[in-house]
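Try each task before you read its solution.

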Amino acid sequence: MADVSRTRGDLKGHPDVSEMRERFARMMDARDVVFLDGPVLLAGLYFAISPWVVHFSSTSPDLMVNNLVLGLAIALLGIGLTSAPRRMYSLCWAMSAIGVWMIISPWVVARGADAGMIWNNVLIGALTCLFGLIAAGVVMRKGREAT
C-alpha cells in the first residue's frame, strides 16, 4: 500500500501534476459563457409553451407550431451549451438568427396577429438574439486572445 500521508495537500511531487493542470485549464476555459446556459434554456422552454401561456394556440395554430419548434431548438442549444460548450459555441450565430426570426414570425407566419402574440415573440426573440450575440462576442474575444 502506498504511503500518501506525507504529501497530503501538496501535489507538487505528483507525477501527473502537469497533465492535471492542463486538463483543469481546458475544462475551465470551455466554461466562459456559463451565465448563459440557464437563461437560454429557460427562454427556449418558455417560448415552446408560450402559445398556451398567452392563449393563442387555438387562434393561430401555425404560430403555435413555429413557437413550439423554435422554443425546443433554443432549449436544446441551452442544454448543449451546458454539456458541450466548445462544440456549441459555433451555433451562437444561429441562435441570433433564430432570435431575429422569432421577432418577425408573428407577421410572417400568423396573419392578423394580436398584441399578445407580437409582444411575446418580440420580447423572447430579442432576448434570444441578445444571448446569441453575447455568446458570439465571447467566442470572438477568445479567438483573438488565442492568436
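**Exercise 1: The annotated spans**

UniProt, in an unreviewed entry, places the feature "transmembrane region" at residues 33–53, 65–84, 91–110 and 122–140; such annotations may be inferred rather than shown by experiment. The model is predicted, so local features need pLDDT of at least 70 and side-chain atom pairs pLDDT 80 or more, while totals for chains, interfaces and linings use all residues. Residues are numbered from 1 along each chain, and side-chain values use heavy atoms, without hydrogens and water.

Task: find how much of residues 122–140 is helix.

Solution: Start with residues 91–110, a span that is 85% helix and 0% strand, with end C-alpha atoms 27 Å apart. Next, turn to residues 122–140: this span is 100% helix and 0% strand, and its end C-alpha atoms lie 26 Å apart. Helices here are DSSP runs (H or I, at least four residues), numbered from the N terminus.

**Exercise 2: A surface patch**

Task: work out which helix gives the most residues to the nonpolar patch.

Solution: First, list the members: Ile49, Trp52, Val53, Val65, Leu68, Val69 and Leu72, with about 600 Å² of accessible area together (Shrake-Rupley, 1.4 Å probe). H3 gives the most, with four.

How values were computed. Helix = DSSP H or I, 4+ residues; strand = E, 2+ residues; numbered from the N terminus. Patch = residues over 30% accessible without salt bridge, like charges linked within 9 Å, V, L, I, M, F, W, Y side chains within 5 Å. Salt bridge = Lys/Arg side-chain N within 4 Å of Asp/Glu carboxyl O.
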